Amino acid sequence: MLYLASQSPRRRELLQRFGIPFAALDVDVPERRAAGESPQDYVVRVARDKAKAGLAALDGAAGALVLGSDTEVVLDDEVFGKPADAADAAAMLRRLSGRTHDVVSAVWCVGAARERHELCVSKVRFAPLDEAAIAAYVATGEPFGKAGAYAIQGRGAILVEHLEGSYSGVMGLPLFETARLLRGFGLPA
């Protein structure tokens with residue numbers, strides 16, 4: 001049985017595209033970057049921690065495979081997590097305005113006997129944003145709960161001038177990499 005260690009509606013929606021039955025697990029994993037940890041290493045570690053926590057919660061369920069994923073926005077080696085409030089969201093958007101940032105997505109598949117992961121890095125360039133555009137977007141409420149304070153699958157798409165990489169990876173679960181991972185575990189993806 002396949003499990004997704006995430007309550008993210010976006011990840012559930014994306015995983016449903018494979019047509020493989022799965023159940024979602026609610027895991028609580030600290031998301032704090034360690035001193036000296038690169039952004040990519042951080043994202044890979046958090047995704048693995050989520051998958052391992054999901055597997056542990058199943059307490060040895062036979063044949064269980066757990067997917068864990070993490071996605072972060074990275075600019076100038078700084079990881080932009082989810083904004084704490086409207087001022088934090090506006091500050092993030094100001095920094096991203098007119099610049100290209102990385103969106104790093106890692107996905108792990110873990111079972112009792114083995115584990116593997118895939119990494120996807122996409123480049124996203126924002127158009128220059130004025131204060132009115134930033135305030136209007138923050139006022140929609142969409143930036144909250146989103147890494148980097150935007151959702152490419154929502155109104156945040158109008159902020160994006162160029163995307164090089166995986167649209168689904170920017171959403172939170174890179175489909176190409178996830179399919180390759182699932183096939184490696186014998187699932188029809």
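User: In which helix is arginine 10 found?

Analyst: Helices (H or I, at least four residues) and strands (E, at least two) are DSSP runs, numbered from the N terminus. Arginine 10 belongs to helix 1, residues 9-16. This is a predicted model, in which local features need pLDDT of at least 70, side-chain atom pairs count only at pLDDT 80 or more, and totals for chains, interfaces and linings use all residues. Residues are numbered from 1 along each chain as its sequence is written, and side-chain values use heavy atoms, with hydrogens and water left out.

User: Which residues of helix 1 are buried?

Analyst: Buried means under 20% relative accessible area, exposed over 50%, and partly exposed in between (1.4 Å probe, protein chains only). An α-helix has 3.6 residues a turn, so residues three or four places apart point the same way. In helix 1, the buried residues are Arg10, Arg11, Leu14 and Leu15. They lie on the same side of helix 1 because their arc around the axis is only 130°, taken from the directions from the helix axis to the C-beta atoms. Their packing partners include strand 1, helix 2 (39-57) and strand 3.

User: What is the nearest side chain of opposite charge to arginine 10?

Analyst: Lys and Arg count as positive and Asp and Glu as negative, while His and the chain ends are not counted. A salt bridge is a side-chain nitrogen of Lys or Arg within 4 Å of a carboxyl oxygen of Asp or Glu. For arginine 10 the nearest such side chain is glutamate 13, 7.7 Å away, and arginine 10 is buried with no salt bridge. Contact means heavy atoms within 4.5 Å. Not counting residues up to four places away in sequence, arginine 10 touches Gly145, Lys146, Gln153 and Met171.

User: How many residues of strand 3 are buried, and which strands pair with strand 3?

Analyst: In strand 3 (residues 65-75), eleven of eleven residues are buried. Two strands pair if DSSP finds at least two bridges between them. Strand 1 (residues 2-4) runs parallel to strand 3, with three bridges, and leucine 2 is partnered by leucine 65. Strand 5 (residues 100-110) runs antiparallel to strand 3, with nine bridges; here valine 66 has valine 110 as its partner. Strand 4 (residues 78-80) is also antiparallel to strand 3, over three bridges. The hairpin of strand 3 and strand 4 has two residues between the strands, and aspartate 76 takes a positive phi near 55° there.

User: How many salt bridges are counted, and which parts does the lysine 50 pair tie together?

Analyst: The count is 15 salt bridges. Lysine 50 and glutamate 31 form one, with the closest N and O atoms 3.5 Å apart. Lysine 50 lies in helix 2 and glutamate 31 in the loop between strand 2 and helix 2, so the pair ties together parts 19 residues apart in sequence. Aspartate 102 and lysine 123 also meet in a salt bridge, at 2.7 Å from N to O. Aspartate 102 lies in strand 5 and lysine 123 in strand 6, so this pair links parts 21 residues apart in sequence.
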